Amino acid sequence: MATASLVHARCHYSPRLDLVNGGRGHGHVGSSSHSSSSSSSSPPSSSHSCSSFYHRQGLIFSGLNSTWKHKSLRAQAMSAAQGNATSPRGIMNGKQEPDHLLVLVHGIFASPSDWTYVEAELKRRLGRNFLIYASSSNTFTKTFSGIDGAGKRLADEVMQVVQKTQSLKRISFLAHSLGGLFARYAISVLYTPYTSSSSQSDDLKNSKNANSQGSSYSRRGMIAGLEPINFITLATPHLGVRGRKQLPFLLGVPILEKIAAPIAPILAGRTGSQLFLTDGKPNKPPLLLRMTSDCEDGKFISALGAFCRRILYANVSYDHMVGWRTSSIRRETELVKPPRRSLDGYKHVVDVEYCPPVSADGPHFPPEAAKAKEAAQNAPSTQTTVEYHEIMEEEMIHGLQQLGWKKVDVSFHSAFWPFFAHNNIHVKNEWLHNAGVGVIAHVADNLKQQESSAWIAASL
């Protein structure tokens, strides 16, 4: 297999740090028994991001580069990240309590049991400071009630967990498929922007003494009152679905593509129309477009920008539910033939790139888009649908690329069951979908590296 680091830059990016080491009921909570770094930039509405933290890290690590290569220091840092360096708030009654909440969000017509393997593996790999929680508020048919409704239920559920666990300080999300859109909506509900005030200044002063990252994350904003760290999605249709490039099981057959949008609400309720971007009146932007900006519905882009890192895992082929383009937030011209060899230590993970933020004035819903939407709703055809979606996709990309994204390409072309790619990527069933264990190992190491980086920065 090809040797490669966790971070590979096709977008002019030089990684500062690379660490590559190699049943339950609904709403199950697990405190674990045991992260490639990427910087991020907030959009114009969220000017303070992780840049200050990563700049500080860059200065620190440049001076420690030669020392860091020594295995003993690496082992010491990883050991500390695995539970030996928790804050006073994480120690209650003489017992170490988890201070990092990792929320697992399943996809369409699914349940928390989809995370059985992932939860067990993350418990094994991550430090005891992680509280791993598999969401149960949107099981099975509840996923058809709309992305906005499901997002609000998820937000309420997360707040209940946070209120019950006083030791929590940080929060991350790991979501599969449609769950990624639920999570994006939920964080806009949970988002609290930074507000300047005398009391806030005192809080910042105190947090600076307790945590070297305090002022940085406070100024970015918080999610559920916690410091947002990682937002990770696996095969999520960020640009909606359409055609064979994004809904491959339609096979590019014109009649299937023509009837897909009209029957989507029948099969999947409000969620179906939102995924096909046909929700709402013709003159109103579809929900997924609104979710790429800060609008009256929520501070969607600011909430995403509050996270230190945003990571996309996308299947390059054999995923018959979510295509490569929509799960990796790429234009058709940006889809280049991926490597066929896996990265060393991560089977079926074939490529990793970091794309820095691109300045933009945000997404728009021009008059031609409203006209195209009306045609797609009232007289659907292959031509009208394509025209409408091309306009919407470009606008959604404009909105989402205001933030930096780490994009991880996954290929199951050599797996025994490659056609199960959509479920392989998160190992839905340990025996049937175990081709994805290398992907989960990659996710775990991303989370673990972030913990190590934070501990080192706070200690020096």
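The questions and answers below look at a helix pair, a leucine and the nonpolar cores of a predicted model.

In this predicted model, local features need pLDDT of at least 70 and side-chain atom pairs count only at pLDDT 80 or more, while totals for chains, interfaces and linings use all residues. Residues are numbered from 1 along each chain as its sequence is written, and side-chain values use heavy atoms, with hydrogens and water left out.

Reader: At what angle do the axes of helix H13 and helix H14 cross?

Author: Helices are DSSP runs of H or I with at least four residues, numbered from the N terminus, and H13 covers residues 367-378 while H14 covers residues 382-400. Axes are lines fitted to C-alpha atoms over the stretch in contact, with angles running from 0 to 180 degrees between N-to-C directions. The two axes come within 8 Å, and they cross at roughly 140°.

Reader: Is Leu288 buried or exposed?

Author: Leu288 is found in helix H10, which spans residues 287-290, and leaving aside neighbours within four places in sequence, its contacts (heavy atoms within 4.5 Å) include Ile147, Leu277 and Met396. Buried means under 20% relative accessible area and exposed over 50%, with partly exposed in between, using a 1.4 Å probe and protein chains only. Because its relative accessibility is 0%, Leu288 counts as buried.

Reader: Which residues touch the most other members of the largest nonpolar core?

Author: A nonpolar core is a set of buried Ala, Val, Leu, Ile, Met, Phe, Trp, Tyr and Cys residues joined through side-chain atoms within 4.5 Å. The largest such core has 61 residues, and those touching the most other members are Leu101, Ile147, Val158, Phe173 and Ile223.

Notes:
Helix = DSSP H or I, 4+ residues; strand = E, 2+ residues; numbered from the N terminus.
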